[in-house]
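These are my notebook entries, kept in the order in which I looked things up.

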6 protein chains.
Amino acid sequence: MRPSGRDLSEMRPVSIETGITKHAEGSCMIRLGDTHVLCTASLEARVPPFIKGSGLGWVTAEYGMLPRSTTSRMRREASAGKQGGRTVEIQRLIGRALRAGVDRSALGERQITIDCDVIQADGGTRCAAITGGWVALRLAVNKLMKSGEIVCDPLVDPVAAVSCGIYAGQPVLDLDYPEDSEAGVDGNFILTESGKLIEVQMSAEGSVFSRDQMNQLVDLAEKGVSELVAAQRAATQ
Amino acid sequence: MRPSGRDLSEMRPVSIETGITKHAEGSCMIRLGDTHVLCTASLEARVPPFIKGSGLGWVTAEYGMLPRSTTSRMRREASAGKQGGRTVEIQRLIGRALRAGVDRSALGERQITIDCDVIQADGGTRCAAITGGWVALRLAVNKLMKSGEIVCDPLVDPVAAVSCGIYAGQPVLDLDYPEDSEAGVDGNFILTESGKLIEVQMSAEGSVFSRDQMNQLVDLAEKGVSELVAAQRAATQ
Amino acid sequence: MRPSGRDLSEMRPVSIETGITKHAEGSCMIRLGDTHVLCTASLEARVPPFIKGSGLGWVTAEYGMLPRSTTSRMRREASAGKQGGRTVEIQRLIGRALRAGVDRSALGERQITIDCDVIQADGGTRCAAITGGWVALRLAVNKLMKSGEIVCDPLVDPVAAVSCGIYAGQPVLDLDYPEDSEAGVDGNFILTESGKLIEVQMSAEGSVFSRDQMNQLVDLAEKGVSELVAAQRAATQ
Amino acid sequence: MRPSGRDLSEMRPVSIETGITKHAEGSCMIRLGDTHVLCTASLEARVPPFIKGSGLGWVTAEYGMLPRSTTSRMRREASAGKQGGRTVEIQRLIGRALRAGVDRSALGERQITIDCDVIQADGGTRCAAITGGWVALRLAVNKLMKSGEIVCDPLVDPVAAVSCGIYAGQPVLDLDYPEDSEAGVDGNFILTESGKLIEVQMSAEGSVFSRDQMNQLVDLAEKGVSELVAAQRAATQ
Amino acid sequence: MRPSGRDLSEMRPVSIETGITKHAEGSCMIRLGDTHVLCTASLEARVPPFIKGSGLGWVTAEYGMLPRSTTSRMRREASAGKQGGRTVEIQRLIGRALRAGVDRSALGERQITIDCDVIQADGGTRCAAITGGWVALRLAVNKLMKSGEIVCDPLVDPVAAVSCGIYAGQPVLDLDYPEDSEAGVDGNFILTESGKLIEVQMSAEGSVFSRDQMNQLVDLAEKGVSELVAAQRAATQ
Amino acid sequence: MRPSGRDLSEMRPVSIETGITKHAEGSCMIRLGDTHVLCTASLEARVPPFIKGSGLGWVTAEYGMLPRSTTSRMRREASAGKQGGRTVEIQRLIGRALRAGVDRSALGERQITIDCDVIQADGGTRCAAITGGWVALRLAVNKLMKSGEIVCDPLVDPVAAVSCGIYAGQPVLDLDYPEDSEAGVDGNFILTESGKLIEVQMSAEGSVFSRDQMNQLVDLAEKGVSELVAAQRAATQ
C-alpha cells in the first residue's frame, strides 16, 4: 500500500557515517533512505549574553537546504536575503529538542552550534537533522571529555526524532516525500532512548484526527525512535 | 497552588467583543484574563498564485505584538526590519489551524486574511489569536452568506485553541504568563467543537514528559476548548 | 458643506481613555471621531549614546498602523521588512513635537518611548498620536514624580496637534478622511496650551495657497488645540 | 552677528551651472555658498501604476549625500542597506514641491525623476535641491517642447525654496551649517515666483515660537525666493 | 619547501565523483586534496528577461560555503541576510567562466544553474567550483543530447581552473590554505583544454610582481589545467 | 577603426582637478574623456578590529554611481536596499589595489577611506577610480606628513590603473563605453610607476584569448599607466 512497498511500521534504511568534515568538532552524514543530511557540531568558548556568568552551556542549531536538494531547484536563502518561515521554525525545533537532552550545567559555559544541511531531500529532513545532530553533538562532547575539559557527561539520554502520519487512512511510520505530500495528518515525535517525550507535533493537513489516531502515531514513533537510537549508539561507539 | 489561585482545570475569564473596527469585514477583541488580542478578517477577491483557477479559497494569518504589550518594551518588528522566528512560527500556526476548519471549495476563490495583534500579553496569545481569529472569520463569512456571494457555509465545525502544561509537577489548563515562564512542559491544542484534533504541540521546557502526562493535557484541552467554543457561539449569534 | 455636516471650525468629538494596558508606565486610547490611536509610554533607564553623561533625558516615538485600520488592508510593515517613508516621517514628527514640550534637564538621564498604534484610521492620525502621546507621557512622568524619582515637573506646557486644510475652497478644522483625500491644502499644527507654536506644516496638494489662507488655518488650529488641551487636562487630572 | 558676517536678510552667493552631465535630459550644479548639489532630470515613458491610463504625468525625486559631503564622513546609505529617515523625508518633500508647480495633464503620461546628490554640504541642502531640481526639470521639459512631444508648457510658475530661522534670537535668511546647528527655530519655505506658498515647515528646535516670528520668517522667505527665481531664470534662458 | 611536501608544480590529488544527488540534472563532488565542493546543475525552461526571444541559452552559478566548511565556524549567509562581497564575486566569476565555454545558440533558450557548495575548504574553492561545475554542466547537457532536445553539442572545449601563486618567493601550482594565507601573489587561471585563456586574475597580496613572474604562473596554470581536464574527461565518459 | 578615432594605443585626454570638496582630507575629480569620477579621502583615527594594536594602518574604498551617470537612469542602490554584485566587486578591487601601494606600518594605526563616486560614466570607471583614488590618498597623506603626524612616506610608488581589451580583433588601450560593450576580451591592469604589477584581470567576453594577446595587452597597459602616473604627479606636486 505504501509507494515504497514498506510495511506500515517499517522505517527506511538508516545509516550514519561520522567524521565527514575535518574541521568540525563532530560531524556525520545521516541517510534515511533518500534523505541525506550533513550535521556538524561547532564548539565555541562564548555563550549567548542572556546566560553569561550562569555557569550553564547552550546548544543551538541552524538548518538549511542546498538549492538542488529538492526535486526542482529552490531559491538559495542567502540570495533571497532571509531565511524562510519553514527554515526558522525547523531550526528552532532542532535546537529546542537537543537542549532538552543536555545537562547544561554539566556542559559548562560553552556553546555548541549544530548545523544541519540537507544534501538530498525525500521527506523527514527535520527528524533526520535532529537524530544526526545528536550524533554530531555526542562526538563533540566526547572530545571535551577525552581532553578533560568536562568531567560529567552532559548527554545522559540519547535524543532522536521520527515522523509518523495518517497516509491513505492508515497510520504509517517514517513518511517519505510521496507519502508526506499526500498525508492527511503529519506528525513529528522527539523522544529519548528511555521513552520519554520531548516534543510532539501533530498537524491536520486536510483532515482532522481523533485521539485514537493520535495514540497510534505515538506507538509507531516509539518503535521508530528505538531503532534510530540503536543506529546512533552504533555510530558513536 | 496556581499563582492566580485558579483550580488546575479552570480557565481564565473569557470575553469576546465583536465589531471593534469599522473597516474590517469581521473583527473582535478577545480577552483571556489579561491577554487581549484584536483580531480582524479582511476579504480579498484574489487568491495566492498557487491556487489560481482551482476554485478553492484561502485563509491566511498574520500576527504581531504591540511593542508595549509586554512587561518591558519589545523592539517593533517593522523597525527591526524583519519578523522574528517566534512571530513567523505563530502566524503559520494560526493560518494552518483556521484553514483546517474551512471547506475551501465552499469558500470559493477568495482570500480571507486574519490579522491578530496583541494589545496586552499575559500568556497564551497564540491560542487566543486562533480562538478570536475564528470569530473574525465567522463574521466575515456571515457577511458573504447574507449577501448571497456564497451559499454553502464553509465553516462547518468551530475551531478553538488552548494551552495546557505541567506546572509545579501538575497538569494545568490555560497557562498565564507566570505559569508559562516556569512550566516544565508547555502545550498548545487546537480542536474543533466536535472534539476532533487539528494540531497538538507539546514541548519539554526543562523536563521531559510521559505518555500519561500527555494524555492528561489532552483531557484538559478538551474541557477548555468546549468552554471557548461556547464563548465563540455566544459572540457570533 | 462638510461631508460630516460639521461647521467649518468644529472638531470631531474627542475622547481620551487612560489606563488601557497594564504594562506601560502611561497609556491611553485617543478617539477623534472614527480615528482611534493607542498611545503608550515606556520608561527606560538608558539614554541614546549621543547624550550619555549629559544629564539630559530623551523622548522618542514610534508609529504604526494595524493592517486593517484602513478601508482596505495595508501590508504589515514588519512583513514588508521596513517602515515606509510616511511612517518614518510621522514618527520623527511625533518625537520632535513631544521633545519640544519637555524640559530635558528636569527629566534627567532617562528615556521615554511613546508608541502610537493606529487601531482605526479616519484622517488626522498623526495629530491624534501627538495629542494622545502627550497624555501617555504625562502619566509616565506623574509616576516618576509620585515616586520621587524626579522633583521638578519637566512638562511645563501641554502639547497638542490638529490638522486644518482648505477643503472645497474653505478653511476647515480637523479634517477627516473624506476631506483629507480631497483637500487642496493640508496642514498640521502643533501648539502648546499657552499658544506658542512648535511645528507648522502646510502643503499644497493640487493648489497653491496665499498668506491670508495660511493665517486663517493658524487661527483654526489655535481654536482646535485649546479644545484638545482641555481634553488632555480632563484625562490626566 | 552672523558667523558669515552676512546681513540678517542676505542670501549666500547663488550660482547655477547647467549641462553638468551629458546623459541626463536636464542637469545643473547649484551652489549656495558652500552647499553644492548636483541635480539631474531623467525622462521615462512609463508612469507609476496608480496613474496609468489617466493621461497625467508624474514628477518624483530622490536625494542622497556623498559620504564625504559632510564635515566627518557619513556611512554610505547603499552600504548601510537602507535610506535613513531624514533622506526619505527630504526626497518626499522635493517630489511634492516640484509636482505642485507642474500641470500634470500638460506633461502627459511620462515620468521625470529628479536626482539630487549633495556634493558638498553647508546647510540648506534640501532647499538647494528643490531650487536646482526645478532647473533640471525646466531643461528636460524644454527638450520635450523643442521636439514637439508636448505643446503646452506644464511649468507655469517657477518653484524655489529657502530656509529661514531664528538664530541668536533674530530671524535670518538662508541658514548655513553653523547657524542651522544653533538655530532655535528652523523653517523651510517653498514658493512660486508669483508669491504663492507651496509648502511651509517650521520647527521649534529647543525654543517655541510666536505667530509674529512666524510671519517675519515668511517675509524673509519671500525675499529669498525672488532672488532664487531670478537665478533660475538666468540659468535657463 | 611547501607545507604539504609537494613539488612546486605538483597538484593535490584530484577526484571527481558524479551522480551525488538524485534530483539534479547533473552533479558531482570534486575533491582537490581537502577541498571538497558539491556541484549540481539545474535545468530550467525559462531564460532571464534580457535574452527572452533571442534563441540563446544562459548559464549562471551560485556559490556557498557550509558554515563549518572552514577551520572556525563562519556565520551562515542566509541568517546574516545577505551574501558577502567575496561570495558575490566568486559566483559571478564561475558563471562568467562557464558561459565562455558554451555555444549559447546551440544550447537554445534554456537556463542551467550551477550550484557550488563547499563542504570542506582548504584553499582553491573557486577553482574547484569551476572545474566541478563544468562536469555538472557536461552531465546535464549530455541528458539533453540523449533525449534529443538539443542536437549540436554546446560544450566544445572543456573549461577548468587552477590557482597559482608566489609562495616563499617561488611560483607554485594549486595553493592549499596554508600557502594561500601566506602567498605574496595569488592568481586564478581559467583555461580551455585547447590552451586558450578565459580568465586571468593575479593579485599582489603584500608584494608586487614582475612580468616574468606573471609568465611563470601562466606556465604552471597550463600544466595544472591539462591534468584537471583529464580528470573531467574521465569522470564524464 | 576605433569609434572615437583614437589610435590603438592612444589614451583619452586625462585631467585631474584637486581640492574639489572642502571637507575631505584629500579630493579630486578625475576625467578620462567623458568618464568623470569624484574621489575623496577621509581620515579616521580608528582601524578595523582585526588589526587593532598591530601598529598597521588600513586603506579601504567604496564605490558608487550616481543614478544618472549612465545613459539611462539606474536604480539608486540606497533605495534598492543593497549594493549590487558589480559594485561590491569594484570597491574590493579599489581597496586592494591602493593597499598594495601603501607601507601600512609607515602609515601607523589610522584608516583612510577612499570614496569614488561616478558623476558621468563612459567606460573605465573602476580604473579611473583607482587612479584618482591614489591622488586623493596622496593628498591626505601629504597633510599627515606636513603636520608631522607621520614621518616616513607610506606611498613609495604611485599606483594607477587602465583598461585594455581586444576590440574588433585588435588590442586597444583605454576602452570607452562603445568599445567596452563590444570587446571580445576585457582587461584591467593595475601597476606602479616602476612597472611592477599589482593586479591583472583579463576576461573573455564572447571569445577566448591566447597568451600572445595577453602579452600585447600588458604592453599597452604599461604605456597607459606611465601616462596616468605623469598626470598624478602633476596634480599632486
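Before my entry on a helix and what comes after it, I note that helices here are DSSP runs of H or I with at least four residues, numbered from the N terminus. I also keep in mind throughout that this is a predicted model.

**Entry on a helix of chain B.** I looked up helix α4 of chain B, which covers residues 125-146, and found that Gly148(B), with a positive phi near 80°, follows α4(B). The helix has 22 residues and reaches 31 Å from its first C-alpha to its last, which is close to the 32 Å expected at 1.5 Å a residue. I then asked how much of α4(B) is covered, and the answer is that 17 of its 22 residues are buried, so that I can call the helix mostly covered.

**Entry on a record for chain A.** In UniProt, an unreviewed entry places the feature "domain: Exoribonuclease phosphorolytic" at residues 10-140 and 157-224 of chain A. I looked at each part in turn: residues 10-140 of chain A are 31% helix and 31% strand, with end C-alpha atoms 31 Å apart, while residues 157-224 of chain A are 26% helix and 43% strand, with end C-alpha atoms 16 Å apart.

Which chains does chain A not touch? Chain C is one of them, with the nearest C-alpha atoms of the two chains 10 Å apart, and no contact joins chain A to chain D either, their closest C-alpha atoms lying 12 Å apart.

**Entry on Thr21(E).** I found Thr21(E) in the loop between β1 (14-18) and β2 (26-32) of chain E. Is Thr21(E) buried or exposed? Its relative accessible area is 6%, and because buried means under 20%, Thr21(E) counts as buried. Leaving out residues up to four places away in sequence, Thr21(E) touches Arg68(A), Ile119(A) and Gln120(A), as well as Ser27(E) and Thr40(E).

**Entry on chains D and F.** I looked up how chain F is superposed on chain D, and this takes a rotation of 180° with 0.0 Å of shift along its axis, at an RMSD of 0.0 Å. The two copies are therefore related as by a two-fold rotation axis. In chain F, the C-alpha nearest that axis belongs to Ala78(F), at 1.8 Å from it. I also noted that 100% of the interface residues of chain F are interface residues in chain D too, so the copies meet through the same surface.

Methods:
Residues are numbered from 1 along each chain as its sequence is written. Chains are lettered from A and ligands numbered from 1 in the order in which they are written. This is a predicted model: local features need pLDDT of at least 70, side-chain atom pairs count only at pLDDT 80 or more; totals for chains, interfaces and linings use all residues. Side-chain values use heavy atoms; hydrogens and water are left out. Helices (H or I, at least four residues) and strands (E, at least two) are DSSP runs, numbered from the N terminus. The expected span of a helix is 1.5 Å times one less than its number of residues. Buried means under 20% relative accessible area, exposed over 50%, partly exposed in between (1.4 Å probe, protein chains only). Copies are superposed by least squares on the C-alpha atoms of residues with pLDDT of at least 70 in both. Contact means heavy atoms within 4.5 Å. UniProt positions are given in the numbering used here, feature names are shortened, and annotations may be inferred rather than shown by experiment.
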